[in-house]
Amino acid sequence: MAVNRVPVLKRCRSLGLEPTVLGYDKKSRRELKRSNRKVSEYGLQLREKQKAKFIYGVLEKPFRNYYKKADKMQGQTGTNLMIMLETRLDNVIFRLGFARTRKEARQIVDHKHVLVNGKQVNIPSYLVKAGDKIEIKEKCKSSQRYKDILEATNGRLVPEWLEANSEALEGTVKELPTREAIDVPVNEVLIVELYSK
């Protein structure tokens, strides 16, 4: 399985992202030294695609598949793409505050700690639907790991399309998110332009 091993802060610097978007508290003290080169239109589009891939932890092939699926759906392709990325199970776990970062959320799902509607799901890319109930397994709830996570994510706001009960480590998907509810600094229009060439 391919894994992205690029140092997070270094990648954030190169893409012009704040590490807090990914759930990291660290700050990079280094400045990005770029000569005043003008970035081409293609360069801007590519950077937006790389940002989206990096934030959600998706590699190129699955990302392209998401785009193809979003293109076939009704409505705007870019909005559909962002909604699909946002409703991935690992992202929902992160949004509910049951993981500090999306990478940790992916690991939690991989390690079979998550139940969706009472069934165990260990696929991070599983797309949740409106009305789905997501919870951490009963035997995992009492572990020290989740106590530490809840302590770290205590002040994090849960988006309005989700409902979280952090004491019981469970949450509900009230509805699918709208584009306005997704607070990710990505311009999906440029991604659509890049892929539709």
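# Helix packing and strand order

User: In this predicted model, at what angle do the axes of helix H3 (residues 60–72) and helix H4 (residues 77–86) cross?
Analyst: Two packed helices are described by the angle between their axes and the distance between the axes. For H3 and H4, the axes come within 8 Å. Their crossing angle is roughly 125°.

User: Are H3 and H4 parallel, antiparallel, perpendicular or oblique to each other?
Analyst: The axes of H3 and H4 cross at roughly 125°. An angle counts as roughly perpendicular from 65 to 115 degrees and as roughly antiparallel over 145. The crossing is right-handed, and the relation of H3 to H4 is therefore oblique.

User: How many nonpolar residues does the contact of H3 with H4 have?
Analyst: Helix H3 contributes Phe63, Tyr66, Tyr67, Lys69, Ala70 and Asp71, and helix H4 contributes Thr77, Asn80, Leu81, Met84 and Leu85. By class, two residues of this contact are polar and two are charged. The number that are nonpolar is seven.

User: Does Thr79 count as buried or exposed?
Analyst: Thr79 belongs to helix H4. Beyond its neighbours within four places in sequence, Thr79 contacts Arg179 and Glu188. The cut-off for burial is under 20% relative accessible area. Thr79 has a relative accessibility of 16%, so the residue counts as buried.

User: How are H6 (residues 102–110) and H8 (residues 144–152) oriented, roughly parallel or roughly antiparallel?
Analyst: The axes of H6 and H8 are 14 Å apart and lie at an angle of about 150°. Angles over 145 degrees count as roughly antiparallel. The orientation of H6 to H8 is therefore roughly antiparallel.

User: Is the crossing of H6 and H8 left-handed or right-handed?
Analyst: In this pair, Glu104, Gln107 and Ile108 of H6 meet Arg145, Tyr146 and Ile149 of H8. The contact has three nonpolar, one polar and two charged residues. The crossing is left-handed.

User: Which strands stand at the edges of the open sheet?
Analyst: Five strands with antiparallel pairing form the sheet, in the order S2-S1-S3-S5-S4. Two of them have a single partner strand each, so one side of each has no neighbour in the sheet. These edge strands are S2 (119–120) and S4.

User: In S5, which residue is the bridge partner of Glu163?
Analyst: Strand S5 runs antiparallel to S3 (residues 133–136), with three bridges, and Ile134 stands opposite Gly171 in S5. Strand S4 (residues 162–165) also runs antiparallel to S5, joined by four bridges. The partner of Glu163 in S5 is Thr172.

User: Which residues of S5 (residues 170–173) point to the face where side chains are buried?
Analyst: The side chains alternate along S5.

User: Which residue in the hairpin of S4 and S5 takes a positive phi?
Analyst: This hairpin has four residues between the strands. The positive phi, near 50°, is taken by Leu169.

User: At what angle does helix H5 (residues 89–96) run to S4?
Analyst: Helix H5 lies across S1 (114–116), S3, S4 and S5. Relative to S4, helix H5 runs at about 60°.

Conventions: Residues numbered from 1 in each chain as written. Predicted model: local features only at pLDDT ≥ 70, side-chain atom pairs only at ≥ 80, totals over all residues. Heavy atoms only, no water. Buried < 20%, exposed > 50% of the residue type's maximum accessible area, 1.4 Å probe, protein only. Helix = DSSP H or I, 4+ residues; strand = E, 2+ residues; numbered from the N terminus. Pairing = 2+ DSSP bridges. Contact = heavy atoms within 4.5 Å. Axes fitted to C-alpha atoms, helices over the stretch in contact; angles between N-to-C directions. Parallel < 35°, antiparallel > 145°, perpendicular 65-115°, else oblique. Left-handed = near helix turned anticlockwise from the far one by under 90°. Nonpolar A, V, L, I, M, F, W, Y, C, P; charged D, E, K, R; others polar.
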